[in-house]
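Please keep the structure open beside you as you read.

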Amino acid sequence: MRSRSNLRILLALVPTTVLAQTTPQPPAVTVLAPHYVALRFQPQYPHGRHTQNPLPDNVLKLPIPEAQMIKGQAGQSSDNKVEIAEYRIPVPDFAADAQVDEAVLLADVSTNGQAPDSFPTIESAPAKLTHCAGAPCDALGLTAAQLTAMKTYVAEKLHPLNPTEVTIEFKASATNPLKIYDDNGPAHSGPILILHTREAMTEPTGFVSTEQSGLVFPKIKPLFDQFLRDTSIVLAGDGNYYMTGTTGGPEMMVVTSDLSVWKSPDLIQWSPVRDLPRQSTVVWNLDRDGSDWLKSITLRDGEPFRPLWAPEIHYINNTFWIPFSVPRHGITILKSTTGKAEGPYEIAIKPDAPLSTGIDASLFQDDDGTVYSLYGGGWIAKMKPDMSGLAEPYRHIASASGREVGFEGVYLFKDQGIYNLCVADFVLGEYNTYIATATSLNGPWSERYLAVPHAGHANFFRDKQGRIWSTFFGNDRHAAFSAQPGIIPLTQDAKGRWRPDPTYTLPERKPQPVVQLPGAIGPSDGTPQHVGIMPAKPAPTPKP
């Protein structure tokens, strides 16, 4: 292990030319030396549910007015606090594995005074005001004027609650307000967190990444041209893959009714699940087939609100099951009465009532055949053997520290005896998939780690070759695409963490032209009609 100098000296031995900025936007991660890494983040994205949108003016202002508290898409309240802002900064694997023990924070902060109570805490350790000087500060691309304008805080002898992320907390009050600026502030630089590690990191000096996680993200494209969120895919007993998700385009935030399913033999060519009497993706319609408790339309921001959200497709006990949620009404489960993905479907829950008033319903079948219902950010309950209802109350799964693994989009899968609880969370404006693991559903559960950047509410499925994939749809400013179905092949690192496979290359796809029609109506003439998004067919030759 290399002996370390005082963190406030900040590595005077590092050459200033090693990390000179050559890109218009600085990287999120920069390795300064074997024991030091710099992590940049934006202050307008404090941690809290639904922080996919930046705060006004791209500035954190404490106290935060209640009117600026971002609420959930279903109208849920935020967990942001008026006088406190918390940032959870992802720590790349190579730094977390090398054991972070000290931190320096540089930030363009404006306060009324220099009182210690206005200083941040880093991993609950009170930070001290210091000065940033030395070669690494120059290597970060900051001028002397910027370094003078920015405040520098140091926290020593850290014991991170979760080694894969560092928590920074700022406090303010009405008499001592606080502002933190991004690159457009007086110092023209957003906050920078410099971490020291006990052991040398495996990535070399000069390593940079635009990903907050430091992971290498493979190039991916949509599976086909279709508005879809919350992508869900399953490999069924007939050898086909089936996919569903939130449809409806912009109306998915207003009122929707259709539940659509697609099929594919190879994850490349996709088509509607129904062929006769006409081609269609729609297997169930809330207004036509749903129960009365699902149908009522409420108001959100004065507008009608009753979307059908996040259906998942599962193949359990030789038939298909589709759990879904209707915000403000609750979650339920559909069952195919024929064992076919095209249905028809009926509500499986008896008596017919919501299993929960939450959102984002999911299912998991354990090795012994027991099926569990899940929803939200990690609520789970055993189901009755016939899956007609719950056999026990829901209980919440938290990480080892007691924190939530995420706040929505829960999914559970098991591999080699390890349970993987996958949950979505917004961190620094990015919608990521986090995983916590356990050898028993009763725990103990590990701390969460960032598994798939930008995947957010994702499902995980095994292909015909036994490989595990993550679904994807894109829901943040850095995602490869937005609101379209996608998949990412996964691999595991030496510590068993699931990661996007950086060696993945896109397969060659045959051209798949599409048509977009609101629906086919009228009598069938025996020829399948195009509905929704599907491969186009030549128009029939007009008869003379």
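How many bridges join strand 16 (residues 241-246) to strand 18 (residues 262-264)? Point 2 has the reply.

1. First, the ground rules. This is a predicted model, where local features need pLDDT of at least 70, side-chain atom pairs count only at pLDDT 80 or more, and totals for chains, interfaces and linings use all residues. Residues are numbered from 1 along each chain as its sequence is written, and side-chain values use heavy atoms, with hydrogens and water left out.

2. To the opening question: strands 16 and 18 run antiparallel and are joined by three bridges. Strands are DSSP runs of E with at least two residues, helices are runs of H or I with at least four, and both are numbered from the N terminus. Two strands pair if DSSP finds at least two bridges between them. Met243 has Trp262 in strand 18 as its bridge partner.

3. For the overall picture, the chain contains five helices and 40 strands. Of its 544 residues, 57% are buried; buried means under 20% relative accessible area, exposed over 50%, and partly exposed in between (1.4 Å probe, protein chains only). Contact means heavy atoms within 4.5 Å. Taking contacts between residues at least 6 apart in sequence, 62% join residues at least 24 apart.

4. Strand 10 (residues 151-155) deserves a look, as five of its five residues are buried. Lys151, Tyr153 and Ala155 lie on one side, with Thr152 and Val154 on the other, and both faces are covered. Strand 5 (residues 100-107) runs antiparallel to strand 10 and is joined to it by five bridges, with Leu105 partnering Tyr153. Strand 9 (residues 128-130) also pairs with strand 10 in the antiparallel sense, over three bridges; here Thr130 partners Thr152.

5. On to the cores. A nonpolar core is a set of buried Ala, Val, Leu, Ile, Met, Phe, Trp, Tyr and Cys residues joined through side-chain atoms within 4.5 Å. The largest has 59 residues, and Tyr87, Ile168 and Leu193 have the most contacts inside it. Beyond four places in sequence, Leu193 touches residues including Val37, Phe41, Ile89, Leu105 and Ile168. A second, separate core of 36 residues includes Val283, Trp321, Ile322 and Ala361.

6. Is Thr167 buried or exposed? Thr167 counts as buried because its relative accessibility is 8%. Thr167 sits in strand 11 (residues 165-171), and its side chain makes a polar contact with that of Arg403 at 3.1 Å. A polar contact is a pair of N or O atoms within 3.5 Å; within protein, one must be able to donate a hydrogen and the other to accept it, and residues adjacent in sequence count only if both atoms are side-chain atoms.

7. Thr357, by contrast, is exposed, with a relative accessible area of 64%. Thr357 lies in the loop between strand 26 (345-347) and strand 27 (362-365). Leaving out residues up to four places away in sequence, Thr357 touches His329 and Gly330.
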